[in-house]
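Here is my note on this structure, point by point. Please read it with the coordinates open.

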Amino acid sequence: MSGAAILVAIAIAMCCSSDGRAQAEASPSSEREDAIRQATEVKDRNLEKLFKLPQVVGAGVGFSSKHPDQPVIQVYVSRQPSARQMRQFPKSLEGIPVEIVVTGPVKALPDSRPQETKKDSRK
Amino acid sequence: MKKTRILSLLAGLLALTLAIPAAAQLVDHKAYQNRPIQLGTSGGNINDRSKSFCCGGTLGSLLKIGNTGYILSNNHVLARTNQAAIGEIIIQPGLIDQTPVCFQDANDAVAKLFKYVPISFDKKQTNKVDAALALPLNGAVDSQGRILEIGAPGNQVVDPSPGLLVKKSGRTTGLTYGQVQAVGVTIDVQYQLGCGTGKKVTARFVDQFAVSPAGFSAGGDSGSLIVTADNASNPVGLLFAGSSTLTFANKMSDVVAALTGATGSGASARSTAQLAPSHAAEQVERARNIKERYRDFLEALPEAAGHGVGFSRSNPNEAVIQVYVRRNAEQARRSALPSLEGVPVEIVETGEIYALPGCTACAAPAKKACR
């Protein structure tokens, strides 16, 4: 009983350790994890630069939609940048491809309704 | 190599197929539930309203700290984005799903705000979590922390990795499946300080993860627990934001660290609480026995509406006797003893002060509401 509790505590302690990257699942190989870690470092080094680009609301790291083994830096934009703006975006950072993802505005997700029982205000 | 490619493709397809909501929602995540409630259900702070709007989200899961289960949701759902006082009432369903809509029904109380991690809107600062805990009222929440359409989640926290298949159970879109699209995400998130009105402010979050497809969540799903899509349903993250195409979530490991870490009162004892659950159970048993012996005394206190046994607000490892008074807690506090046979007595003010009239007199709704 308390053995199980200790295990949980250890599991939590592991995942919350300073680098926060305790391995999670069997499926992604450690190779993939390394690739993601490396891409994250590159992303973090260039973050300030990315946030100065038009419409940028965020950036993250994933795998390419076309080449599932290729790590990419995803740059999130609140709307499609114009062709001229697009030219300001890097194609890659330190050898890692950059993918622009049009997310739309990013908001906290409560729901709200008007006080009067007219109709649901949700989309 | 080829095999993994096919696998991830299959996984992607699976995620897409599963994201389509099941034909008819058999389980109503917005409806009032008989107590004890399951999680993944509509809820929120009873004061989360403005002149024209009321707001709500999802009571997502039960987080066990020591032997106490706390409702885990977002700061912006339970604590009105830094604006609530500790102890404010959490209701199920939330204001947006009350009849009439926005009705502040204190009878629907299931918990009280216990703790929240403040969100910083300072441009120079970053956040990791939008999280808060509420302490359930006695018997109000399923003690196993079962989530509608998921059941009890596992207790192994899993860090998100790109491609990981996940699911969640939330107030608006119910049970949905998705796939982790990105990790290590830095994202600027828009909040509105009043409910559906007021100033829009932006907070930067770091080390988040993104989930697709678009239908994974919608407004009102805030606070849902994201778990692995397999039957283990292990916790991965806390859903809190989104756009028209992606859902963003805090990592569960960060949420647990922030809520059990060394911030706020009485937190230091918390991380060790994991190691001594049986001790806590004994304490509760003892407190219950003492409470029964002093029953008549407790019920004679001014405005007493009930009593129970819970954990201390300042020290979650300490069992306390709670006396619920309708109003004027100060008066009851003066009449009560601070402790009975060594067990502290806490006076908890409930009901009636919150029983406000309906919202019929409120201003006309604006055309556009927040998500």
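1. Conventions. Helices (H or I, at least four residues) and strands (E, at least two) are DSSP runs, numbered from the N terminus. This is a predicted model: local features need pLDDT of at least 70, side-chain atom pairs count only at pLDDT 80 or more, and totals for chains, interfaces and linings use all residues. Residues are numbered from 1 along each chain as its sequence is written, while chains are lettered from A and ligands numbered from 1 in the order in which they are written.

2. Chain B. Chain B has 7 helices and 17 strands. Of its 371 residues, 53% count as buried. The term buried needs 20 or more other C-beta atoms within 10 Å of a residue's own; exposed means 12 or fewer, partly exposed is in between, and C-beta atoms are placed from the backbone. Take contacts in chain B between residues at least 6 apart in sequence: 68% join residues at least 24 apart. A contact here requires C-beta atoms, placed from the backbone, within 7 Å.

3. Chain A. Chain A holds 4 helices and 6 strands. Read from the N terminus, its elements go α-α-α-β-β-α-β-β-β-β. Of the 123 residues of chain A, 29% are buried. For contacts between residues at least 6 apart in sequence, 45% in chain A join residues at least 24 apart.

4. An open sheet of 8 strands runs S6(A)-S2(B)-S1(B)-S5(B)-S6(B)-S7(B)-S4(B)-S3(B), with antiparallel pairing. Pairing takes at least two DSSP bridges between two strands.

5. Strand S7(B). What joins this strand to S6 of chain B? There are 5 bridges between S6 (residues 109–116) and S7 (residues 132–136) of chain B, which run antiparallel. B:Lys115 has B:Leu133 as its bridge partner. B:Leu113 stands opposite B:Ala134. Strand S4 (residues 68–73) of chain B pairs with S7(B) over 3 bridges, also in the antiparallel sense. There, B:Ile71 stands opposite B:Ala134.

6. Burial of S7(B). In S7(B), 5 of 5 residues are buried. One side carries B:Ala132, B:Ala134 and B:Pro136, the other B:Leu133 and B:Leu135, so both faces are covered, given the cut-off for buried of 20 or more other C-beta atoms within 10 Å.

7. Nonpolar cores. A nonpolar core is a set of buried Ala, Val, Leu, Ile, Met, Phe, Trp, Tyr and Cys residues joined through C-beta atoms within 7 Å. The largest has 87 residues; B:Tyr70, B:Ile71, B:Ala134 and B:Leu238 have the most contacts inside it. Strand S9 (residues 174–192) of chain B gives the most to this core, with 9 residues. A second, separate core has 15 residues, including B:Ala287, B:Leu298, B:Leu301 and B:Tyr324.

8. A:Leu47. This residue lies in helix H3 (residues 47–51) of chain A. Why is A:Leu47 partly exposed? Because 16 other C-beta atoms lie within 10 Å. Leaving out residues up to four places away in sequence, A:Leu47 touches A:Ala59 and B:Thr186. A:Leu47 and A:Ala59 are 12 residues apart in sequence and 7.6 Å apart in space, C-alpha to C-alpha.

Terms used:
Two residues are in contact if their C-beta atoms, placed from the backbone, lie within 7 Å.
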